[in-house]
Amino acid sequence: MLRLGPAGARAIVDMSYARHFLDFQGSAIPHVMQKLVVTRLSPNFREAVTLRRDCPVPLPGDGDLLIRNRFVGVNASDVNYAAGRYDPSARLPFDAGFEGLGEVVALGLSASARYTVGQAVAYMAPGSFAEYTVVPAAVGTPVPALKPEYLALLVSGTTAYLSLKELGGLAEGKTVLVTAAAGGTGQFAVQLSKMAKCHVIGTCSSDEKASFLKSIGCDRPINYKTEDVGSVLRQEHPEGVDVVYESVGGAMFDLALDALATKGRLLVIGFISGYQSPSGLSPVKAGALPAKLLRKSARVQGFFLNHYLSQLRAAMDHLLEMCARGELLCKVDLGDGAPGGRFTGLESVFRAVDYMYMRENTGKIVVELPHSVNSKL
């Protein structure tokens, strides 16, 4: 059985009639929709992904939600996902995207114990680059409203929160280096480190981003296009930095490793500089790694959000509370200053990915999916 919402009311309708139900605003849910599908494994997102326009709108099962997506998050890992690096067993074609925010337009009977039609929900699940997505109710997170700022918390915010909480060992007076600090997750690493009363250094690629970092509390922004990061760290922090939140890889990883203090910690959040290469990696000077770690009693540790999913809901709720109290800024980039303008519609996901890899974004990149009044029935 399925709970639906015709013209604002709630009803229980047999599954066989699900193609004819109405959403909570009284307009018919279409038979077909658009979505992005990975049709070829490639680190080139444009080559790997196809926009399909006549896909069936999926039906929620008993414990599922049918979400009409209003905003979808773009992540550096979308390239890895399209290249098949996360799940080598995946068979083509498969749906792209894994982070969305929208309203519930239909739900299974069991799911109705916790959710209602019309409720705003954020989720992390495969297939978010679509007009409609079926999501298990267990992975949804209710949010106060359909605002893209809440989507910034879901992957980017919880990654920073959980990695620093579980692995960072933050304490008052410690020095924290955040690479790609003005990006989707870097912005949260900066703010959370400042809340822990740390001294925060953040790398970025422009003076505008440096100004943004100062506005959220970063003590020492470094524009790596005008300053040499290694030289700045050696001169201003000769004893090294205690914690590194590292998501760039390659030469930046090497600089960060060399800058570690005794008993320092380097958290590998990603290595975006290599994702578009055939191997997905950026070369690092790994040969000397054991000696460097031994000499400083330092550590390098990876963090992959999928290994912490049992803590995701609590982390998200905590971040939402911080936002409500005005303690945390969620900067989103909807592409208003991007070539081609604002990221609107699924076709703009391709531009949004390009924009990210050109290092143009400040904050979390989000694509808006306005509800189409001309959907096929």
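Rings of Phe, Tyr and Trp (its six-membered ring) count as a pair here if their centres lie within 6.5 Å. With that in hand, welcome to a few close-ups of this predicted model.

**Figure 1. Y81 and F94 form an edge-to-face aromatic pair.** Searching the whole structure turns up seven aromatic pairs, and this view shows one of them. The ring centres of Y81 and F94 are 5.7 Å apart with the planes at 80°; planes over 60 degrees apart count as edge-to-face, so that is the label for this pair. Distant parts of the chain are linked here: Y81 belongs to helix α2 (residues 77-82) and F94 to strand β6 (residues 94-95), 13 residues apart. Y81 and F94 are both buried.

**Figure 2. Y81 also pairs edge-to-face with F98.** For Y81 and F98, the centres sit 6.0 Å apart and the planes meet at 65°, so this pair is edge-to-face. Because Y81 lies in helix α2 and F98 in the loop between β6 and β7 (100-108), the pair ties together parts that are 17 residues apart in sequence. Both Y81 and F98 are buried.

**Figure 3. A cis peptide bond joins L92 and P93.** If you like checking backbone torsions, look at omega here, which is about -10°. P93 is found in the loop between α2 and β6.

**Figure 4. Helices α3 and α4 meet in a right-handed crossing.** The axes of α3 (residues 148-168) and α4 (residues 186-195) come within 9 Å and cross at roughly 45°; the two helices are therefore oblique to each other. On the α3 side, the contact is made by A152, L153, S156, G157, A160, Y161 and L164, and on the α4 side by F188, A189, L192 and S193. Sorted by type, the residues of this contact are eight nonpolar, three polar and no charged.

**Figure 5. A180 has a positive phi.** The phi of A180 is near 50°, and this residue is not a glycine. You can find A180 in the loop between β11 (175-178) and α4. With a relative accessibility of 33%, A180 counts as partly exposed.

**Figure 6. K197 has a positive phi of about 65°.** K197 is not a glycine either, and it lies in the loop between α4 and β12 (199-204). K197 is exposed, its relative accessible area being 55%.

Note on methods. Residues are numbered from 1 along each chain as its sequence is written. This is a predicted model: local features need pLDDT of at least 70, side-chain atom pairs count only at pLDDT 80 or more; totals for chains, interfaces and linings use all residues. Side-chain values use heavy atoms; hydrogens and water are left out. Axes are lines fitted to C-alpha atoms, for helices over the stretch in contact, and angles run from 0 to 180 degrees between N-to-C directions. Helices (H or I, at least four residues) and strands (E, at least two) are DSSP runs, numbered from the N terminus. Angles under 35 degrees count as roughly parallel, over 145 as roughly antiparallel, 65 to 115 as roughly perpendicular and the rest as oblique. A crossing is left-handed if the near helix is turned anticlockwise from the far one by less than a right angle, and right-handed if clockwise. Contact means heavy atoms within 4.5 Å. Ala, Val, Leu, Ile, Met, Phe, Trp, Tyr, Cys and Pro count as nonpolar, Asp, Glu, Lys and Arg as charged, and the others, Gly among them, as polar. Rings of Phe, Tyr and Trp (its six-membered ring) pair if their centres lie within 6.5 Å; planes under 30 degrees apart count as stacked, over 60 as edge-to-face and the rest as tilted. Buried means under 20% relative accessible area, exposed over 50%, partly exposed in between (1.4 Å probe, protein chains only).
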